[in-house]
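Please keep the sequence and the structure in view while reading.

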Amino acid sequence: MKLIMEGWKRFLNEEKIQEGILSRVKSKLQRSFGKEVVSGRITPFPAGEGNWLEISVPYSEADVDTISQDTLLFLAIVDKMAEELGFKEPVVTSGYRDGFRQAAAMYTHWSAPDQGTDHLVYLYGEKCKSCSPEAGETAKKVGAIFDEVPNKNDAIKQAGEYIESNLMSMHQTTPGKAVDFRLRNHPDIGTLLARTEERNYFTGEVIDETQNIPPHWHVSVEQITPQGMEYLRTPNEEPASA
């Protein structure tokens with residue numbers, strides 16, 4: 001029975017990797033036709049109907065079904081504020097990650113030019129304040145796996161198995177408490193996230209990862225404040241300038 005379960009787990013992991021490859025091919029095709037790459041839309045705050053025009057939020061290749069209620073509400077706040085300020089609607093590119101999704105994201109960082117293991121250790125061990133205290137050491141071990149295993153898929157699988165039992169990022173909590181937002185064609189996303197902090201709509205951490213590949217903004221969400229909830233319940237006026 002143990003061998004059967006281990007074989008089934010390996011099969012599922014391989015399926016996840018293949019699914020990721022197919023998603024990237026689909027995304028490339030969408031970009032080639034000049035389209036905004038999205039997988040679907042989610043409505044994180046249905047009670048907001050009428051408070052802003054489009055209350056659903058677009059996402060791309062992100063698990064938004066397994067994120068916390070506060071994180072969902074944060075998505076609604078950001079979406080509502082984009083309309084209020086007259087900005088382009090943000091796109092969520094990452095939500096909850098199991099160990100294998102996390103490993104794949106780290107491999108992308110690690111394999112970028114002039115990055116490698118030192119970059120992983122800096123990003124997870126120093127820059128990310130909401131990451132686990134052991135995240136830097138875990139990142140070092142994951143980097144060592146990438147260095148030692150030449151095949152990309154094998155490296156991600158092996159790293160994913162290790163990360164499954166070593167929490168690093170708020171993306172990995174159950175439910176997930178972190179999301180990423182696309183930077184490409186969304187130059188105002190940094191300003192938008194800064195406004196949510198200035199208005200004290202949530203507690204958490206905003207991390208500028210616009211120099212990483214792919215460039216994006218990361219947000220860890222602890223809690224939505226009473227001010228944030230009040231904002232969601234208040235109808236937008238006509239879109240204003242930033």
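A residue is called buried when its relative accessible area is under 20%, exposed when that area is over 50%, and partly exposed in between. By this definition, strand β4 is mostly covered, since five of its five residues are buried. The model is predicted.

**Strand β4 and its partners**

- Strand β4 comprises residues 178-182.
- In a regular strand, the side chains alternate between the two faces of the sheet.
- In β4, Ala 178, Asp 180 and Arg 182 point one way, while Val 179 and Phe 181 point the other way, and all of these residues are buried.
- Strands β3 and β4 pair in the antiparallel sense over two bridges. Here Val 92 has Phe 181 of β4 as its bridge partner.
- Strand β6, residues 216-224, runs antiparallel to β4 and is joined to β4 by five bridges. The bridge partner of Asp 180 in β6 is His 218.

**Salt bridges**

- Side chains of opposite charge can pair when their charged atoms come close. How many salt bridges does a search of the whole structure find? The search finds six.
- Asp 180 forms one of them with Arg 97, and the closest N and O atoms are 3.0 Å apart. Asp 180 belongs to β4, whereas Arg 97 lies in the loop between β3 and α3, so the pair ties together parts that are 83 residues apart in sequence. Are these two residues buried or exposed? Both Asp 180 and Arg 97 are buried.
- Glu 36 and Lys 88 meet through their side chains in a salt bridge, with an N to O distance of 3.2 Å. This pair links distant parts of the chain, 52 residues apart: Glu 36 is in the loop between α1 and β1, and Lys 88 is in the loop between α2 and β3.
- Glu 36 counts as partly exposed because its relative accessibility is 28%. Lys 88, at 43% relative accessibility, also counts as partly exposed.
- Arg 195 and Glu 198 meet in a salt bridge with an N to O distance of 3.8 Å. Both residues lie in helix α7, residues 189-198, and they are three residues apart, about one turn of the helix. An α-helix has 3.6 residues a turn, so residues three or four places apart point the same way.
- Glu 198 is exposed, because its relative accessible area is 60%.

**Helix α3**

- Helix α3 has 13 residues and, at 1.5 Å a residue, should span 18 Å. Its end C-alpha atoms are 18 Å apart, which agrees with that expectation.
- The N-terminal end of α3 is capped by Asp 98, whose side-chain oxygen lies 3.0 Å from the backbone nitrogen of Phe 100.
- The buried residues of α3 include Phe 100, Met 106, Tyr 107 and Trp 110.
- Gly 99 lies in this helix. Gly 99 is buried because its relative accessible area is 1%.
- Which residues does Gly 99 contact, leaving aside its neighbours within four places in sequence? They are Gly 160, Ile 163 and Glu 164.
- Gly 99 and Tyr 162 are 63 residues apart in sequence, and their C-alpha atoms are 7.6 Å apart in space.

Terms used: Residues are numbered from 1 along each chain as its sequence is written. This is a predicted model: local features need pLDDT of at least 70, side-chain atom pairs count only at pLDDT 80 or more; totals for chains, interfaces and linings use all residues. Side-chain values use heavy atoms; hydrogens and water are left out. A salt bridge is a side-chain nitrogen of Lys or Arg within 4 Å of a carboxyl oxygen of Asp or Glu. Helices (H or I, at least four residues) and strands (E, at least two) are DSSP runs, numbered from the N terminus. Buried means under 20% relative accessible area, exposed over 50%, partly exposed in between (1.4 Å probe, protein chains only). Two strands pair if DSSP finds at least two bridges between them. The expected span of a helix is 1.5 Å times one less than its number of residues. A polar contact is a pair of N or O atoms within 3.5 Å; within protein, one must be able to donate a hydrogen and the other to accept it, and residues adjacent in sequence count only if both atoms are side-chain atoms. Contact means heavy atoms within 4.5 Å.
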